Amino acid sequence: MERDAAHQAHRAADQTDMDLARRLRDADPAAHAQLCDQFGAALHGFAASRLMGDRELAEDVMIQTLADAVRSIECFEPGRASLGAWLYGIARRKIQGERRKLLRRKSVPAGAQTSLDDLNDVGCDGDMAEGVASRLGAAQTVARLSRALSDDQMEALVLHYVEGFSTRDIAEVLKRSPRAVNSLLHWARAKAREALSQADE
Amino acid sequence: MNDELDRKLRDVLRSARPKPSAGWRERALTAMAAAQPERAAAKSRRLVTALIGMLVLAALAFMPYSASGPGAGMESALAAQGGMSTVGLSGEEPGGREEPQRRLPEHLRPYAGRAPQFVRERYADDPEMLMGAGLLAEDREVRLELLRSASEIGAGPAELAAYAVQVLATAPEYYRLAHWAVDPADAAAVGDARQKIEASGVPSVLQPGDVTEPLEALHRWQAADPENGFPVALEAYYLYGLHRDAEALQRWEEAAERPAATLRYQEAIWAVRRLLRELGMSEWEALTAAYSGESSGTLSALTTIRQCARIGVYEGRLAAMEGREADAVRWWRATIEFGRHMQESTDTLIEFLSGVAIEGVGARDVWWHERHRRSGLSEGPVAGGRLFQGRHHDLFVSQAGREASEAVRDSLLRAKVRAELVKEYVASLRGLPEGYMRWGALGALTRSYGVLLALLVLGYAAASIWRRKAADAATALGWRSGAAVALVALAPALAGSVTLLGAMWEVGLRPGLAQIGWMASGAWALSLLALLLAPLVAGIWSCRSGARLVAAWRGNLRRVLPAAMVVCALVSLGAGIWRWRTEAGWAEEWGAQTEVERVQEALGSAWTNPTILEDAWRAEKPPQVER
C-alpha cells in the first residue's frame with residue numbers, strides 16, 4: 001500500500017513535470033514564473049553550498065541554469081528523471097566549471113564573505129545574535145564537512161537532505177547508478193558522523 | 001542514532017545556505033525570456049518550405065547540365081572527336097549499301113521519330129527542313145518520301161543531291177573485273193576476281209530498267225548543279241554497269257573537267273543541324289549529332305566513287321594492254337583530275353580524304369607509293385615511304401608529256417602530306433574545339449556537385465525528420481560557425497575541382513590525366529565524409545548541458561549541411577553555366593565554318609603550302625623486294 005502510494009505520487013510528479021515542460025515548449029510566460037518559483041531559490045542554495053557560499057556566483061549559476069532549461073527544454077525526457085533532477089544536473093555542470101576557477105584563486109571571493117547584510121535575512125525567531133552565531137557555526141560545520149567528504153559525497157548529502165531527492169533523481173544528477181548512490185550516501189554519512197563528532201570534541 | 005545524524009545534517013546543511021539577493025526573480029525571468037527560442041511555424045508550412053527549398057537547390061544544380069556529352073576522360077574525348085567530324089565514316093569493300101531500316105544512336109532516335117510529323121505540320125514548304133527530316137529518318141520509305149518532297153519543292157543542288165544519293169543507295173548493284181582493279185595481264189588475278197564475282201551472285205551487267213530511276217535522279221541533280229562533277233561521275237558508273245563503256249569514259253572525263261566534285265554533304269549536315277535545333281536540341285548537341293555521320297546515303301555514294309576510281313585504273317590497264325595507249329591515259333587522267341577536284345572543292349574531311357584516295361588510285365600506274373619496309377630504303381618522308389615511277393609511267397609521259405607527269409607527282413605529294421596532317425590533327429585531338437577537355441571537366445564538376453548536393457539533401461532530411469527541436473536545442477554551434485565548418489569540410493572537394501580544371505584546361509593528351517580524375521573523385525568522397533563527421537567532432541564542444549552528443553550532432557548537421565548545400569549548388573550552377581556558355585561559343589564558331597575551313601584555320605600554311613621534303617620521290621621504279 002505504501003508502495004502504491006509512492007508509485008502514485010511518482011506518477012503525479014511526472015505528470016506535473018510533463019505539463020510544465022509542455023508549457024515551457026509553448027513559450028508560456030506563466031511557465032517561466034512557475035519554474036523560477038519552484039526551483040530558483042533551491043538552485044541558488046545548492047550552488048552556494050558548492051561554491052564556498054559565493055552568493056553572486058550562485059545567483060549567476062542559478063540564472064544560467066534556468067535560462068538553459070528554457071532554451072533546451074526539448075532535451076528534457078520525462079521518463080528518465082524528474083524535471084528537478086534534470087535542472088540540478090545542468091546546475092551541477094556549471095558549478096563544476098566555476099569550482100575549477102575558484103580553486104585557482106588565492107583569496108576568498110567577495111561574494112563568499114559573510115556580511116552583515118547577509119546576516120539580516122537569517123530569519124530566525126530567536127535572538128539576532130543567536131541566529132548569527134548559529135549561522136556562522138553551520139557555515140563552519142559545512143566547511144569541515146566539505147574538507148572531509150569528496151565532492152560527490154557532499155553533493156549527494158545536499159541533494160538528499162536539503163532538496164529531498166529520491167535515489168533515482170540523485171543518480172540522474174550525479175550520472176551514477178542508484179546502487180552507487182546508495183553506497184555514496186552510506187559512506188558520506190559515515191564520514192559526516194566522524195567529522196561532526198570531532199567537531200563536538 | 002541515524003535519525004539524529006540525519007536531523008543534524010539536515011539542519012546544518014539548510015542553515016548554511018544563503019538566500020538569493022533581492023531582485024533575483026526579476027533577473028531570472030528576464031534571462032529566461034531572452035533564452036526562449038522563437039516560436040516555430042506550423043509544421044505543415046515548415047515542411048512545405050523545406051521541400052520547396054530542396055527542390056529549388058536541386059533544380060539549380062541540375063538544370064544547366066545537358067543530358068548528353070562525354071566526360072573528361074581521354075577515351076571519351078577521342079570518341080567525341082569522332083562525333084564532331086565526318087572522318088568517322090569509312091568503307092573499304094564494294095557495297096556499303098544502306099539498309100532499308102537503319103538504326104540511329106539511342107539519343108537521336110526520339111528526334112528522328114518526331115521529325116517527319118513535325119516537319120509535315122510546320123515546315124511542309126521548307127525544303128531544307130524536309131531534307132533534314134529525310135536524312136534523319138530510320139525507315140527508308142519515309143526517308144525517300146521526305147527527300148523526294150524536298151527535291152521537288154526546293155529543287156536546289158543540295159536537295160537533289162540528297163535525294164539522288166538516297167535513290168542510288170538501294171539501286172541494283174553489279175560487279176565487273178574493274179571492281180577489283182586487277183591487272184588484266186595477270187591471268188591468276190583475273191581468274192580469282194571472276195570466281196569472286198560468280199560466288200557473290202551479283203550480276204555483272206545492269207538492265208536498263210534497273211537504272212531508270214537512278215539516272216533520272218542524277219540528271220535532275222546535274223541540271224541544278226552544272227559545275228559539279230559528282231553526279232556526272234555517278235552516271236558514268238551506271239553507264240559502265242550497262243556495258244556502255246565508251247559513254248562511261250566520256251562522262252568520266254566530263255566529270256573530271258568540271259571545277260567541283262562534291263557530294264554536298266556539308267549542306268546535308270547543316271540541314272540536319274537546323275532540324276535538330278528546331279526539335280529542341282541545344283545548338284552544340286545538334287551540331288555534333290549532325291556531324292557524326294547520320295546522313296544516309298553518304299557512305300554508299302563515296303563507295304561508288306571509289307569504284308569509279310578502280311574502274312578508271314582497270315580500264316586504263318586494259319587499254320594499255322590492248323595497245324590503246326591514248327585511252328589508257330584518258331582513263332587515268334580523268335580519275336586523277338576528279339580526285340584532285342574532290343580535294344579542292346569539298347567542305348568535309350571525309351570527301352577530302354576520299355579525293356586523296358581516288359587521286360592515288362588513279363595515279364598508281366604512273367606514280368607508285370612504296371613504303372620503306374618494302375623498298376628496303378630508308379624511311380621515306382611521305383607516309384613512311386616515297387613515290388616511285390609506276391609501271392606505266394613512261395607510257396603516260398609519252399602520251400601526256402613529262403610536265404603532266406610531274407604535275408601528277410607533285411599533286412600526289414601535296415595530297416599525301418595533307419592527308420597525313422589530317423590524321424595527325426585528328427589523333428592529337430586538335431579536331432576538338434578549344435577548351436574541350438575543360439568543358440568535359442566542367443561537366444564532371446556539375447554532375448559531381450549535383451550528386452553531392454542530393455546526398456546532402458538526404459542527410460539534412462535524415463537529421464531533421466526526428467526531434468528536430470531537440471537537435472537544435474542540443475547544440476551551441478551558431479550558423480556562422482556551421483558555415484565555417486562546412487567550408488573546411490568542402491575544402492578537399494574544392495581543391496580537387498581546381499586541380500581537375502587546371503589539368504584539363506587545354507586540349508591535348510598528357511600523362512596522368514586518369515590519375516587526376518581519380519584523385520578528384522577521392523577528394524569529393526573525403527569531403528562528404530568530412531561533412532558528416534565534422535559536426536560530430538564539433539558536437540563534443542558545442543553540446544549543451546543536459547543534451548546528448550547524438551542530438552548535438554544532428555543539430556550541428558542542421559547548421560553545417562545547408563551551408564554546404566548552398567556551396568554545392570553554386571558550384572554546380574556555375575560550372576553548368578560556364579559549360580553552357582562554352583558550348584554556345586563553339587556552336588557559333590563551328591556553325592559558321594565548314595569542316596575543311598576549320599582544319600585550314602587550325603593548320604594554316606602547313607595546309608595551304610604543304611612542305612614537300614627532299615627525297616620524297618625517286619625517278620626510278622621501286623626496288624624489287626620479296627613480298
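**Reading the helices and cores**

Modeller: Let's start with a pair of helices: α21(B) and α23(B) cross in a right-handed way. A crossing is right-handed if the near helix is turned clockwise from the far one by less than a right angle, and left-handed if anticlockwise. Helices here are DSSP runs (H or I, at least four residues), strands are E runs of at least two, and both are numbered from the N terminus. Keep in mind that this is a predicted model, where local features need pLDDT of at least 70, side-chain atom pairs count only at pLDDT 80 or more, and totals for chains, interfaces and linings use all residues. Residues are numbered from 1 along each chain as its sequence is written, chains are lettered from A and ligands numbered from 1 in the order written, and side-chain values use heavy atoms, with hydrogens and water left out.

Colleague: How do I describe two packed helices?

Modeller: You give the angle between their axes and the distance between the axes. Axes are lines fitted to C-alpha atoms, for helices over the stretch in contact, with angles from 0 to 180 degrees between N-to-C directions. Here, α21 (residues 436-464) and α23 (residues 479-503) of chain B have axes that come within 9 Å and cross at roughly 165°. That makes α21(B) roughly antiparallel to α23(B); the cut-offs are under 35 degrees for roughly parallel, over 145 for roughly antiparallel, 65 to 115 for roughly perpendicular, and oblique for the rest.

Colleague: Which residues of α21(B) and α23(B) make the contact?

Modeller: Contact means heavy atoms within 4.5 Å. From α21(B) the list includes L445(B) and Y449(B), and from α23(B) it includes L494(B) and S497(B). By class, this contact has 10 nonpolar, one polar and one charged residues. Ala, Val, Leu, Ile, Met, Phe, Trp, Tyr, Cys and Pro count as nonpolar, Asp, Glu, Lys and Arg as charged, and the others, Gly among them, as polar.

Colleague: At what angle do α12(B) and α16(B) cross?

Modeller: Roughly 40°, with the axes of α12 (residues 245-257) and α16 (residues 325-345) of chain B coming within 8 Å. They are therefore oblique to each other, and their crossing is left-handed. Among the residues in contact are W252(B) of α12(B) and F338(B) of α16(B). The contact divides into eight nonpolar, two polar and six charged residues.

Colleague: Which residues have the most contacts inside the largest nonpolar core?

Modeller: A nonpolar core is a set of buried Ala, Val, Leu, Ile, Met, Phe, Trp, Tyr and Cys residues joined through side-chain atoms within 4.5 Å. Buried means under 20% relative accessible area, exposed over 50%, and partly exposed in between (1.4 Å probe, protein chains only). The largest core has 130 residues, and W221(B) and F338(B) have the most contacts inside it. A second, separate core of 69 residues includes F46(A), A48(A), A16(B) and A551(B).

Colleague: How many helices and strands are there in chain A?

Modeller: Nine helices and zero strands. Of its 201 residues, 47% are buried.

Colleague: Is T65(A) buried or exposed?

Modeller: Buried, with a relative accessible area of 0%. T65(A) is found in α3 (residues 55-71) of chain A, and, leaving aside neighbours within four places in sequence, touches L43(A), L87(A), I90(A), A91(A) and K94(A).
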